[in-house]
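Here is a short report on one structure. Please look at the sequence and the model first.

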Amino acid sequence: MKRLFFTLITCCILITVNGQRAKLPVIGISATDNSEGFSQVRATYINSVLRAGGVPVVLPITDNPEVIKTMIASIDALILTGGEDIEPIRYSEEPLPKLETIHPERDEFDILLIKYATERQIPIFGICRGHQLLNVAFGGTLYQDLATQVKSEKLLKHRQQAPIWHGTHQVALEENSVLSKVLGKTVIMANSYHHQAVKDVAPDFVITGRTSDGVVEAMEMKGNPKVFSVQFHPENATSHGLDDFLSIFVYLVELAIENQ
């Protein structure tokens, strides 16, 4: 087992892609940490990468830019995971009463991951917090709390109380967007667990998916289909053995292989 683990991490196992031998792609997954001193990533992200044929590697929080650069240099694609609220100062706002737990060190770490991954031009997939942070990193803003900032009778329940793999609301996808092409449909059922959301979209991004109440559920970078994000949690269904969103992770792994 130790030898197999070492072989996977160092990417010595080869697969055939378009008739050529290629290394298994390494997919970096951004971590958070907890009060007990653990760097952690939910197994749902790891299992989704494994199901898609990639090698998941957890990227622990650090404030050392050179270490972060080396992390990015050693991976073929990046997944930005869910988690804490993003500090409002990052988008020039003061904290509102319903702002929840923030993690400034993680904000800085993730933004540097985005910076160096963008410079290397590797694929980036943001999920939930990762979706929001991509927007903030490129100059967008957030709703700090949907329920108190969006006054509408049409506002949906975005913190579902259901099995984590079960979709409770629809998301309409733009035709010819990355997601609609990858999933082969323009309407999906999605699961979500968030109270913050994209407000002003960053200039470099375009909205590619919304719920019926207008909340931004998907974005992609203009002219760069390798950088995309979702507000919902496809990894929960994929890890649960469902194939509804497996193709998103397969797409990321394929992009990572092309990037090698």
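Phe-245 is buried, with a relative accessible area of 5%. Buried means under 20% relative accessible area, exposed over 50% and partly exposed in between (1.4 Å probe, protein chains only). This is a predicted model, where local features need pLDDT of at least 70, side-chain atom pairs count only at pLDDT 80 or more, and totals for chains, interfaces and linings use all residues. Residues are numbered from 1 along each chain as its sequence is written, and side-chain values use heavy atoms, without hydrogens and water.

Phe-232 is buried too, at 0%. The structure holds five aromatic pairs (rings of Phe, Tyr and the six-membered ring of Trp, centres within 6.5 Å; planes under 30 degrees apart are stacked, over 60 edge-to-face, the rest tilted). The rings of Phe-232 and Phe-245 have centres 5.3 Å apart and planes at 45 degrees, so this pair is tilted.

Now the strands and helices, which are DSSP runs numbered from the N terminus (helices H or I, at least four residues; strands E, at least two). Strands pair if DSSP finds at least two bridges between them.

| Strands | Sense | Bridges |
|---|---|---|
| Strand 7 and strand 8 | parallel | three bridges |
| Strand 8 and strand 15 | parallel | four bridges |

Leu-78 has Ile-124 of strand 8 as its bridge partner. Ile-127 stands opposite Val-230 in strand 15. Both faces of strand 8 are covered: Ile-124 and Gly-126 are buried on one side, Phe-125 and Ile-127 on the other.

Helix 4 covers residues 104–120. Its buried residues include Phe-109, Leu-112 and Tyr-116. Gln-121 follows helix 4 and has a positive phi, near 60 degrees.

Note on methods:
The expected span of a helix is 1.5 Å times one less than its number of residues.
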